[in-house]
Amino acid sequence: MAEFPYRPTACQKTYRVVVVRKDLEVSRGQRKLFDDSRSFFYITNERTLLTEEVVFRANDRCNQENLLKQHKSGVHALTAPLDNLDSNWAYMVITSLAWSLKAWAALLLPIQGRWKEKHTHEKQTLLRMGFSTFRNALINIPAQIIRTGGKVVYRLLAWNPWQGVFFRLLDQLSLPLRC
């Protein structure tokens, strides 16, 4: 770990940058293939924390390594498939909104009652869940929509382990939002 002050050229304020270098051994099975190293950068304006505390708080709050992995695989935020900058910008905005929807849904889940421990675990799992898994668990749910007698009936056609979370989220969404 190391740290240094950094001031971007367009800014008046100096920030604190903490760098963590990880030495990795890449192996397949029991055979070592090669050594690799990765550097992780944490930028903060917090000066009172120890270097280790900056890293631990950032990882606890953001789960950054998992986010980077997800952005490179499930959400495809870093691979814009379009031919001009405006289209790529729109694609990035849409991707960012989808990722925010996942986090918002997880943070909105209530934790209460005798199932508090189970609900806390489900909320944390949903927060860390990859986007493709989230899409399959909570968005791509096969349903039948029936209009009869002046009302609309929604029937779920398949069961998945996240149905309880889905219905808790649906109940929470039916309540008025608090500011």
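Reader: At what angle do the axes of helix α3 (residues 85-108) and helix α4 (residues 116-128) cross?

Author: This is a predicted model, where local features need pLDDT of at least 70, side-chain atom pairs count only at pLDDT 80 or more, and totals for chains, interfaces and linings use all residues. Residues are numbered from 1 along each chain as its sequence is written, and side-chain values use heavy atoms, without hydrogens and water. The two axes, lines fitted to C-alpha atoms over the stretch in contact, with angles from 0 to 180 degrees between N-to-C directions, come within 9 Å. The α3 and α4 axes cross at roughly 170°.

Reader: Which term describes how α3 runs relative to α4?

Author: Angles over 145 degrees count as roughly antiparallel. The crossing is roughly 170°. Therefore α3 and α4 are roughly antiparallel.

Reader: How many residues of the contact of α3 with α4 are nonpolar?

Author: Contact means heavy atoms within 4.5 Å. Lys102, Ala103, Ala105, Ala106 and Leu107 in α3 meet Lys123, Leu126, Leu127 and Arg128 in α4. Three are charged and no residue is polar. Ala and Leu count as nonpolar, Lys and Arg as charged; the nonpolar count is six.

Reader: What distance does α3 reach from its first C-alpha to its last?

Author: α3 has 24 residues. The expected span is 1.5 Å times one less than the number of residues, here 34 Å. The model's α3 comes close to that, at 34 Å.

Reader: What share of the protein's residues count as buried?

Author: Buried means under 20% relative accessible area, with a 1.4 Å probe and protein chains only. In α3, Trp99 and Lys102 are among the buried residues. Of the 179 residues of the protein, the buried share is 25%.

Definitions and conventions
Buried means under 20% relative accessible area, exposed over 50%, partly exposed in between (1.4 Å probe, protein chains only). Helices (H or I, at least four residues) and strands (E, at least two) are DSSP runs, numbered from the N terminus. Angles under 35 degrees count as roughly parallel, over 145 as roughly antiparallel, 65 to 115 as roughly perpendicular and the rest as oblique.
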